[in-house]
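Here's a quick briefing to read alongside the model. Have a look at the structure first, then we'll go through a few spots worth checking.

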Amino acid sequence: MKVFKAIKEGAQLVYGYRRYIFLVYGINFLLALALASIVAADIEASLGNSLSAESLRRGFDNLWYQGFSAGAQGVSETFDPSVAGIGAVFNGLDEMLQGKMLSQHPGILWSALSYWLLWCFLSAGFITIYGQVKLSFFRGAEKFFLRFLILSLGAGLIYILLFSAVLPLMDQFVEQISRDFIDERPLFLYTVGKYLLLWGMICFVSMLLDYSKIATVRWNIPRKSIHLAPRAALDFLRHYPFRSLGLYLMNGVFWFLAMGIYWLIAPGGGERWWVSIFFVIIIGQIYIVIRIALKCLFYASETRFFFSGYEIPEQARPATNPAEQTVS
Amino acid sequence: MGIIKQIYIYMLGMLILLGGSLDAASDSLRMSLRDERAISNYTMDVRLDTKKKMLFATTQLSWKNTTSLPTAELRFHLYYNAWRNDKSSYLTSVRYRNTDLSKYGKDDWAWCEITSMRIQADSFYTGLEVTPALEYIQPNDGNIHDRTVLRLPLRRPVFPGETIRLEFTWEEKIPRPFNRTGVISDYYFFAQWFPKIGVLEYEGDWNCHQYIQTEYYSNFGTYDVKLTVPTGWVIGATGREIETVDNPDSTTTHRFYQEAVHDFAWTTSPYFKVINRRFESANLPPVDMRLLLMPDHLDKEERYFQSTANALLYYGTWFFPYPYGHITIVDPAFQSKSGGMEYPTFFTGGTRWLSPVGTRQPESVTIHEAGHQFWYGLVANNEFEHAWMDEGFNVYSQHRIFRHYYPRPVLSKRYFEGFLPLVFSAVKTNNRTDGSDRYRGFYSALKRDAMARPSWEHGPGAYGVNAYNQPALMLQTLENYLGWETFQQVLAAYFQQWKYNHPRPEDFFAVVNDISGQDMGWFFDEAYYSSNIFDYGVGKVSSKKVRPLKGYVEDQENIIWNEQGDDNSETNYLSRAYVRRWGEAIFPMTVRLTFSDGEVIEEKWSGKERWKEFTYTRPAELVQVEVDPNHQLALDVNYTNNSWTKSPEKKAAAWKWASKWMLWVQHMLEFMAFFS
Ligand SMILES: [Zn+2]
């Protein structure tokens, strides 16, 4: 299957099952809203009846913020004005890039881990419906959740290894090489190279995880033979190295394109009235929906690509009851 | 001079030395000794060995005793010895004890040794080799591992008005950069680099501190310095280059000369691009600006020049015209740790390869360091004890320029290991006290050192707050209280009185009192001599309709019962507002009360009591109360509690920002989902 066809079919499926995107979005929204309510209450309490409320509403009030941040507790400690505009994306992207996702404030970390776990469940549902294996979203999610969890935990270990062992080695290497640099530009190039290399590895693991999940659904690989799933995925990638990479990159381009557009239109903090505040919130929320949809497009296009004719190699074929085969 | 006379002077000197009263060092004497511009004069010949990364040098020092007491010793700073070992007082100081030394190998440490010293023969002294008499001393902390102060005992004291001439050779190992000096690749920056004589105070004591955590203090003098570096390398230094000689060994000797300065720093590297421009302004003397730019910052040329010109223009107009006629701006090399530092007629800025205007780099650091040419270079306070007198004055003045010339500051943040900056143009930070309150520590409940405590003794976190932020806010408060016109006169008079000299805090306070015609002692007692914090706020506010009288009233002859509510007279409101003093420190306050009919009442309050109540019965409701509405007291640590309004927009404000934070969380969740 051609990359574009996979994307096209994937997009159709994503659109067809759009209600599940809104379901995911709803969970994301509620999780974040619960935390944001705490922060809003803390901000409100710290403002009291002060006129600072007025300057904060009109723009930002740094004098207020100095006092607020000095006394903030709980998740409110993490509030800082750089969440305005594209900062809301860059702050997270920067931490993800450097593998600092696990060093969050506990309140954020637990929500993020719960969301991660939830996605192990949801991705099973999505791949089930995108694979059109005659199971409903929730039946599929239920059926494959534990298998996906095992796969995700396995991949998680590799991610942790990459961030906590490989990245520091690369850091050290770059540091040694650049020890006597008195020009910033070559160090910038080395740093770009460092992260390209690291994220090349991470994306490879991510592809492997995606196709392992897809293989698990396609051949209903049982839990006890789950190790065959990455083997099948690896075999698949070996068969279609360029097309699978092309598909991944194409999806990645969409992701960056969406971020670029949001960057252009993201309001920075100049809004003053309830109507405009609400409008800014809506723009941000639409972007979240688009992000979730694009994540689904990754799954959908990869699933369509995997399901389109690739046959399981003999050695990777799991010993399953043929009656249980759910290949469409 | 006859031997009898010499003995007589010697004995007289010893008498003064032993029994001399400190009263001799009265302020009038300090002020009368105006010959301050040529006390410590250096003629140096320095050769840079780029292979060994060493300096080989000779110094001829003439030092004049301008105090009223003789001295039987001389003391010298050997700053480079601060990085001779890891037990030095510098590397164990509160400020620098956490320096990451893991990156410093054997070749990256430093030392400085005087290999021979001679007193030159003249009418007072016979030529004398004194090297064996030299000894390291540790006057501040007794730390035997610290070799940053060297003492030369003298057989014959230097009497008031006399000059002693020394000649010494010395060698120095250049470190990987520590505290703005050292070498990285082919970039050398030399600061606090040569054996330097301390300051003999008017009281007769040597002020020659070990190198601990502060900056510097020296007398003014003339510097005539020959610097030999590889031919073709660009060189920048204090002073003007007056002679250049190419040597047969592929080196070039550059001779720099400068009078009336109290330090000398220099830099050399083959990579600098040199750009010259002239500062000209109608009422100020012209200044030749020389910019040494690193290749990754060539696009910052205009911004460096503009910032330097702004400092020369505004400081020159407000305080005193820059007198030297030339200034060298060094764009420091990446990783060289030499950025953001001032030396006479020569300073380092600092920027990054990517640094849009909103980041204010290099503007902020350039104006600051150029500004130090005035507060430090000319009005040369003792930075060991009173770091705030140059840093605080400079931060205050620098922010004045920013408010005059530049748009409001905005938030900026760096991503991707600091390479990629992002400017949040919609998030404006403070205008009134921009930057001065950047330390959250200023809000710390833990009371820090009083500003009056000597800087070299400051405890954890106190140096930054006490040297920079708090004094800047103190001066801003003074400006607000006295008015700019008066305060500008104060600063100009202070400058005029103390240029080429070493003022102490009391000298500044005296000028404030003198020029303003007010005794501001009460303010300095709070802001300078104590560690008290200022915090005024609005307490409980209420404004209720006054109900008609309920109870027994007299009706002609009878006493009758009056039930509430049958009075048709005009509705009045009884309004009460409490303002409170939460901090220990006291400052007079203005209280502004606004009523629903638009009427505004301003009240004065001494600010002395812990609280004060304002009560009004008026036909309109009290809707807003502000204590210090114009933010005169810039030192108030919590300005949020300074106002009360009946209907604050706090829900909209809170959700506006909480929803942005929420979006960040939502994205965090999605980033986490990538790994699932
Ligand atoms: Zn400074």
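Where is the place of Pro362(B) in chain B? Pro362(B) sits in the loop between strand S23 (346-348) and helix H4 (363-371) of chain B; helices (H or I, at least four residues) and strands (E, at least two) are DSSP runs, numbered from the N terminus.

This is a predicted model, where local features need pLDDT of at least 70, side-chain atom pairs count only at pLDDT 80 or more, and totals for chains, interfaces and linings use all residues. Residues are numbered from 1 along each chain as its sequence is written, chains are lettered from A and ligands numbered from 1 in the order in which they are written, and side-chain values use heavy atoms, leaving out hydrogens and water.

**Backbone**
- Gln361(B) and Pro362(B) are joined by a cis peptide bond, with omega about 15°.
- Gln335(B) isn't a glycine, yet its phi is positive, near 70°.
- Phe416(B) also has a positive phi, near 55°, and lies in the loop between strand S24 (410-415) and strand S25 (420-428) of chain B.
- Phe416(B) is buried, at 11% relative accessible area (buried means under 20%, exposed over 50%, partly exposed in between; 1.4 Å probe, protein chains only).

- His368(B) in helix H4 and Glu391(B) in helix H5 (residues 388-405) are 23 residues apart, linking distant parts of chain B.
- Both His368(B) and Glu391(B) are buried.
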